[in-house]
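Subject: Handover of a structure

Dear colleague,

Please find the structure below, followed by an account of what was found in it. I would be grateful if you could read the two together.

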Amino acid sequence: MQEDTDTKHVADSVHDRIERARASLTGPQIAIAVALVAALGFTLLFVQDPMLHDSLHNFRHSAGITCH
Amino acid sequence: MATDYLERGAMAGVAGGLVYGLFVATVGNAFTAGLETFEHSHGGGGPVVSELTTTVASIGGGVLWGLLFGVAAFGMVYFFLEPAIPGSGATKRLALAGAGFLTVSGAPWLVLPPQPPGVEQALGTETRLAWYAGLMALGALVAVLAGLAYQRTARHHTAVRLGAMALPLALLAVPVALAPANPVHGDVPAALVAAYRWTVVFGQLVLWATIAGVHAWLGDSDTPATDDLDYPATAD
């Protein structure tokens, strides 16, 4: 299956990638990946619980996120 | 194959996050603590956690920040947009890192620059969040337009292509001109605010560059991108 790598590579496009993801990924895999990103972003940026919010105080100022 | 990308994105993200955690440990924590000495009235009492907790949690937050960028940008976006991103090898990664920086930080900061602790902003939190989100969307749009401009000028000289890529950046002037005034009130000297802001900018740039560099160093998939359709997708 290595033989026609080059021809396929030339034809490689964003559309192909979407098709490939559709063919090779399962729903739960996508869900886990999206959930991981959402959970990380939410925890670091939006949780207002004082305990967590104050714990990440220096991080937010270091990263320039000052939405409080 | 897609999981392969996710894995490499996460690894590059953790590597970048560790470097960024080191930045928070050495610069971020101390700088923030120093800036807090200018803080006078802190309504509602002090923080509810100890200084040590903040120090440690903020370093951890820095590491997770890197993991987030690694997974989202290099694990997911890179998988889909790899064929469309200009350049090859490390240049390709740096182009994506630049787009990521522009989206997450660069564009929003044009209107809402990082503020040191204790600075009161005139605009409400809700308004600022809405502007921040809108500017992130615009930053992503500008990055996509720059990529398209590069593709559309394929037959031209490199200088022309780079010039065409820079054109969409002009769009960023629109929100800067339209944004409501956000006067700030604080006792931190202006020079120190500038130093703080640029420290934050360089911190984010180092994070993105490290993720891009490590991702390039990890290399491309051993198996060509097309291989995996030959195998049935198995749910496990």
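Leaving aside neighbours within four places in sequence, Ser105(B) is in contact with Gly100(B) and Gln204(B), where contact means heavy atoms within 4.5 Å. Ser105(B) lies in helix α3 of chain B; helices (H or I, at least four residues) and strands (E, at least two) are DSSP runs, numbered from the N terminus. Ser105(B) is buried, with a relative accessible area of 1%; buried means under 20% relative accessible area, exposed over 50% and partly exposed in between, with a 1.4 Å probe and protein chains only.

Two remarks on conventions follow. This is a predicted model, in which local features need pLDDT of at least 70 and side-chain atom pairs count only at pLDDT 80 or more, while totals for chains, interfaces and linings use all residues. Residues are numbered from 1 along each chain as its sequence is written, chains are lettered from A and ligands numbered from 1 in the order in which they are written, and side-chain values use heavy atoms, with hydrogens and water left out.

Helix packing in chain B

α3(B) and α7(B) pack at an angle of about 155 degrees, with their axes 9 Å apart. Axes are lines fitted to C-alpha atoms, for helices over the stretch in contact, and angles run from 0 to 180 degrees between N-to-C directions. The angle makes α3(B) roughly antiparallel to α7(B), given that angles under 35 degrees count as roughly parallel, over 145 as roughly antiparallel, 65 to 115 as roughly perpendicular and the rest as oblique. Among the residues that make the contact are Gly100(B), Val104(B) and Ser105(B) of α3(B), and Gln204(B), Trp208(B) and Ala212(B) of α7(B).

The nonpolar cores

A nonpolar core is a set of buried Ala, Val, Leu, Ile, Met, Phe, Trp, Tyr and Cys residues joined through side-chain atoms within 4.5 Å. In the largest core, which has 46 residues, Phe59(A), Tyr20(B), Trp65(B), Phe69(B), Phe74(B) and Trp208(B) touch the most other members. Both chains take part: α3 (27-45) and α5 (57-63) of chain A are among the helices that each supply at least two residues. α2(B) gives the most to this core, with nine residues. A second, separate core of five residues includes Leu102(B), Ala107(B), Leu138(B) and Leu172(B).

Which residues does Phe69(B) touch, not counting residues up to four places away in sequence? They are Phe74(B), Val104(B), Gln204(B), Leu207(B), Trp208(B) and Ile211(B).

Gly61(B) and chain A

Gly61(B) is found in helix α2 of chain B and counts as buried, at 1% relative accessibility. With residues up to four places away in sequence not counted, Gly61(B) touches Leu44(A), Leu56(A) and Phe59(A). The C-alpha atoms of Gly61(B) and Gly21(B) are separated by 7.5 Å, although these residues are 40 apart along the chain.

Chain A itself has five helices and zero strands, and 40% of its 68 residues count as buried.

Annotated regions

An unreviewed UniProt entry places the feature "transmembrane region" at residues 30-47 of chain A; UniProt positions are given in the numbering used here, feature names are shortened, and annotations may be inferred rather than shown by experiment. Over residues 30-47, chain A is 89% helix and 0% strand, with the end C-alpha atoms 24 Å apart. For chain B, the regions that UniProt gives under this feature name, also from an unreviewed entry, include 131-150 and 162-181. Residues 131-150 of chain B are 100% helix, with end C-alpha atoms 28 Å apart, whereas residues 162-181 of chain B are 55% helix, with end C-alpha atoms 33 Å apart.

Yours sincerely
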